[in-house]
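This note is written for a colleague who is opening the model for the first time. Please keep the sequence and the structure side by side while reading the numbered points.

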Amino acid sequence: MPTAIAVTSADLVLPPTDPGTPHAAVLPDPGTQSLDASLADMQQLLARYGHVIAICPGSAPAAVKDRLRAVRSLLESDRIALVGTDLPPLGAAVLVRQLRQLAACDFSPGVLASAARLLAHYIYAGAVLGSVSRLDRVPVSLGSHLKGWLPGAHFAVLAGPVPQIVRLGNNEETLAGPEFATELLLARGQLQTDWPTTTLVPRWRVQGAVLEAALPETSPGWWGTGKLVEFAAYLPDLPVLHQLVSSVRRDSCHWCGMELIGDRCGFCGAPLQVGPAPEQGRGQGRGRELGGQSAPALETAGQPAPHPTSYAELTPANTHGTGPGTAHGSGHGDSYGAAHGTAHGTGPGTAHGTGPGDPHVNPTRALP
């Protein structure tokens, strides 16, 4: 039975790519549901699926995050993963759909939860904006602010993997894009522009027809304006996603015992440990609550861990073909490794990450 993927908003649920894509469970807003009802819903999901991965955007209200933490704490369950993401609303919805696709595969719940951080680096999420005056989630230069006052000024903004802002015009800069085959998803707001389809599609070599979805309700707040067209380029094919995740080395979390990829457990947030394992039994059962300690706060998909090796190095800048390149990592801190791919073909290469996490980080951090 696939691991349940739960979301905090219906905006994060895109139509399935095929009949085999599992549905996502939408968790009601805390303002419309009591804590007892939230506990009952989560218990039903656990009883039916065994494990639950709850995706919560970083822009979600504090009450939503507090409710998730409260439910996990009161149930004292080591089968609930709280995964955050700082992707824009449309990009976050793409990430959720990719996790739903992979949930139907043979991945363990731990690998699936920790894969969110990896997948976020292959989603190019941005928007065309009529103004950047209220944009505070992407660095905006003084020059861009001044140009925003010019009549008819439009900006193309890339929020990730690497933030970038360019003013649209005759001599506009090139918006950095993927060097592997992607599909493009659009969500139109109040801005009337065809720039994503007429300019972005040929520059990024987007494959197939451009798909459209309804603009998420949270998009105007995230981008600081309702005059926008949001877009996200992503890997659409399940075999490519499967190979990308399965090519990364797997480890076992020393704290909760879950399987993981990368340098951090997707369920308890503990970093990958180097050296002798702790005493047996520490990570079993109610491991998060031992010693009065709680599980770490929501981990953020796509954000760098506090280690020397940056997740930005995962960007497939040197790949050619239709899949991410071959990653050979030897840096400390991120066992995905740095991407120095030279792949040619239709699938991602093999990741050989040998960089352990920081052994000096205390995994028993209390929830805020």
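1. Which residues does Trp204 touch, not counting residues up to four places away in sequence? Trp204 touches Tyr124, Leu158, Leu175, Ala176, Gly177, Pro178, Phe231 and Ala233, where contact means heavy atoms within 4.5 Å.

2. A word on the basis of these values. The model is predicted, so that local features need pLDDT of at least 70 and side-chain atom pairs count only at pLDDT 80 or more, while totals for chains, interfaces and linings use all residues. Residues are numbered from 1 along each chain as its sequence is written, and side-chain values use heavy atoms, with hydrogens and water left out.

3. The nonpolar cores. A nonpolar core is a set of buried Ala, Val, Leu, Ile, Met, Phe, Trp, Tyr and Cys residues joined through side-chain atoms within 4.5 Å; buried means under 20% relative accessible area, exposed over 50%, and partly exposed in between, with a 1.4 Å probe and protein chains only. The largest nonpolar core has 71 residues, and those that touch the most other members are Ile53, Leu175, Trp204 and Phe231. Its largest share, nine residues, is supplied by α3.

4. Helices (H or I, at least four residues) and strands (E, at least two) are DSSP runs, numbered from the N terminus, and two strands pair if DSSP finds at least two bridges between them. Six strands form an open sheet with mixed pairing, in the order β7-β6-β5-β10-β8-β9. Its edge strands, each of which pairs on one side only, are β7 (164–167) and β9 (211–212). As background, strands of a sheet pair through backbone hydrogen bonds, either parallel or antiparallel.

5. Strand β5 and its partners. Strand β5 (residues 124–129) runs antiparallel to strand β10 (residues 228–234), and six bridges join them; Ala125 has Ala232 as its bridge partner in β10, and Leu129 stands opposite Leu228 in β10. Strand β6 (residues 155–160) is also antiparallel to β5, with five bridges between them, and the bridge partner of Val128 in β6 is Ala156. Six of the six residues of β5 are buried: Tyr124, Gly126 and Val128 point one way from the strand, whereas Ala125, Ala127 and Leu129 point the other way.

6. Helix α6. In helix α6 (residues 195–204), the buried residues are Trp195, Pro196, Thr199, Leu200, Val201 and Trp204, and they pack against β5, β6, β8 and β10. Just after this helix, Arg205 takes a positive phi of about 55°.

7. Two loop residues. Thr182 lies in the loop between β7 and β8 (183–188), and it counts as buried because its relative accessibility is 1%. Leaving aside neighbours within four places in sequence, Thr182 is in contact with Val206, Gln207, Ala233, Tyr234 and Pro236. Gly58, in the loop between β3 (52–57) and α2, has a relative accessible area of 29% and is therefore partly exposed.

8. Cavities. On a 1 Å grid over the protein atoms alone, a cavity is a set of points where a 1.4 Å probe fits but cannot get out, and a pocket is an open set with protein on both sides within 12 Å along at least five of seven lines; lining residues have an atom within 4 Å of a point. There are four cavities of 30 Å³ or more, and the largest cavity has a volume of about 150 Å³, a volume being the space filled by probe spheres set on the points, which are joined across faces, edges and corners. It is lined by 13 residues, of which Leu27, Pro28, Ser38, Arg67 and Leu68 are the closest to its centre. The largest share of this lining, four residues, comes from α2.
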